[in-house]
Amino acid sequence: MRVHTRHTPAFGVARVVLGPGEAVQAAAEALLASSFGVAPSAPVRKGGPVVFTAPAEGGWVDLAPKRAGDVYPLEFDGTQGWCVAKDAVLGRPAGVRRDQHWPALQSLFGGDGGFLEHYGGVGPLILSCTGPVEVFSLDPGEIVTVMPGFLVAYPDSVQVRLRAVDPAGPQSVRTGEGLALDFAGPGRVLVQARSTL
C-alpha cells in the first residue's frame, strides 16, 4: 500500500494505492472516489468504518476528510506505537491496529476515555489535520508544552505529562479542555496549525 497526498495543506486528499486484494479501512463518508472494482464492506455498526478492498488487479481509493486541512501519512514500522488524537485518523490498513486499552494512556487519563488513542503495527496511518502539520524534533532533555487541541500524534517512546493549565478552572480528559501536555525529548511531536477545540 502506498499513499500519495495532494491539495495539501489546505484541502488535503489522500490517494491510497492498493495491491491485489489489499484493503484500507476508513469512514464511509471519507470516500471521494475509487478505481472501478474496489469493493466496500458493510459497516459493522451504523456510522462505523468501512473496509475498501481492491480487486485482483489492484486499485486505488481517494479519501478526503470532512474538514479543511492537511492529510498526513504516518508510517509505522512495527518498532514503536504512536498516540494519536481521537478523530484524527482518516484511514488505515489492516496492519495498523488500534490498542483500545493501552496501559500508558489508561494511567495518563485514569479510568476515563481520553482525547488520545494508541496505534501500533506496520503500514501507513493516514491522519486528517485541521491545519498544516508541523513536527517538533526534540533533543534529549528538551521540553515543549502543547495544548491538546493542536496535538496530532507522538511516539509512545516520548515522555509526556498531562497537567491542568489552571487548577481552579474547568478541565476535561475527554476533550482536553483546560489541560496541557509537557513532552520531553528525545523524539518527535506532530502538531497542527489550527485547533480542534
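Cys129 is buried, with a relative accessible area of 0%. In this predicted model, Cys83 likewise counts as buried, at 1% relative accessibility.

| Cysteine | Relative accessible area | Class |
|---|---|---|
| Cys129 | 0% | buried |
| Cys83 | 1% | buried |

The search of the whole structure returns zero disulfides. For Cys83, the closest cysteine sulfur belongs to Cys129 and lies 16 Å away, which is too far for a bond, because a disulfide requires the two sulfur atoms to be within 2.5 Å. Cys129 is accordingly in no disulfide, its nearest cysteine sulfur being that of Cys83.

**Nonpolar cores**

In soluble globular proteins, nonpolar side chains tend to be buried together. Here the largest nonpolar core comprises 17 residues. Those with the most contacts inside this core are Phe115, Leu116, Val146, Leu151, Tyr154, Phe183 and Val189. Two or more residues each are given to this core by helix α1 (103-109) and by the strands β14 (143-146), β15 (151-155), β17 (179-184) and β18 (187-192). The largest share, three residues, comes from β17.

Beyond its neighbours up to four places away in sequence, Phe115 touches a set of residues that includes Val84, Phe109, Pro148, Leu162, Val173, Leu179 and Leu181. Lys86, Arg174 and Thr175 are also among the residues that Phe115 touches. A second, separate core has 16 residues, including Val3, Val24, Phe52 and Val61.

**Aromatic interactions**

Across the whole structure, the search finds one aromatic pair.

How values were computed
Residues are numbered from 1 along each chain as its sequence is written. This is a predicted model: local features need pLDDT of at least 70, side-chain atom pairs count only at pLDDT 80 or more; totals for chains, interfaces and linings use all residues. Side-chain values use heavy atoms; hydrogens and water are left out. Rings of Phe, Tyr and Trp (its six-membered ring) pair if their centres lie within 6.5 Å; planes under 30 degrees apart count as stacked, over 60 as edge-to-face and the rest as tilted. Buried means under 20% relative accessible area, exposed over 50%, partly exposed in between (1.4 Å probe, protein chains only). A nonpolar core is a set of buried Ala, Val, Leu, Ile, Met, Phe, Trp, Tyr and Cys residues joined through side-chain atoms within 4.5 Å. Helices (H or I, at least four residues) and strands (E, at least two) are DSSP runs, numbered from the N terminus. Contact means heavy atoms within 4.5 Å.
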